[in-house]
Amino acid sequence: MKNLSNRIWPMKTAAGVAIVFGVLTILSGGRVLFGGEAAQAAAGNAVYFVLWFNFLSGFVYVLAGVGIAMLRRWAVWIAITIAVSIAAVFALFGLHIYGGGAFEMRTVGAMTLRLIVWVAIAIIAGRTILAKQHIAE
């Protein structure tokens with residue numbers, strides 16, 4: 001059991017990060033999508049498929065964070081799916097840039113951060129939750 005208790009704090013931290021990250025993603029994306037002309041102007045050259053993906057995925061981030069906090073196996077698969085989805089949208093965003101599409105450099109930074117955070121969350125949750133289930137067996 002000591003082995004499991006050593007793994008709980010990183011997992012609880014990952015769950016908290018997922019939930020907070022999700023709420024912040026919903027708020028920031030919602031502000032641009034639904035905040036009117038001033039909010040859209042402040043966003044600059046927003047790439048709307050990335051913006052919509054990020055906004056909608058924020059709700060899934062919260063769900064994954066709650067599931068991770070509850071040590072649910074399905075939450076690991078959601079976290080993995082989020083990381084893979086972010087990578088796919090990031091690749092499409094790269095194609096948009098390569099094709100000469102307008103964009104904001106801060107979107108590159110934000111997508112990089114999202115990908116790193118969700119790969120880390122998926123790894124931490126997977127190791128913790130799968131270890132818990134293995135110990136319980």
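**View 1. Phe-59 on helix H3.** Phe-59 counts as partly exposed because its relative accessibility is 45%, where partly exposed lies between buried (under 20% relative accessible area) and exposed (over 50%), with a 1.4 Å probe and protein chains only. Phe-59 belongs to helix H3, helices being DSSP runs of H or I with at least four residues and strands runs of E with at least two, numbered from the N terminus. The model is predicted, so that local features need pLDDT of at least 70 and side-chain atom pairs count only at pLDDT 80 or more, while totals for chains, interfaces and linings use all residues. Residues are numbered from 1 along each chain as its sequence is written, and side-chain values use heavy atoms, with hydrogens and water left out.

**View 2. Leu-56 on helix H3.** Leu-56 lies in helix H3, which covers residues 48-69, and with 48% relative accessibility it counts as partly exposed. Between the C-alpha atoms of Leu-56 and Thr-112, which are 56 residues apart along the chain, the separation is 18 Å.

View 3. The chain holds five helices and zero strands, and its elements run α-α-α-α-α from the N terminus on. The C-alpha trace spans about 55 × 30 × 20 Å along its principal axes, and 38% of the 137 residues count as buried. Of the contacts (heavy atoms within 4.5 Å) between residues at least 6 apart in sequence, 74% join residues at least 24 apart.
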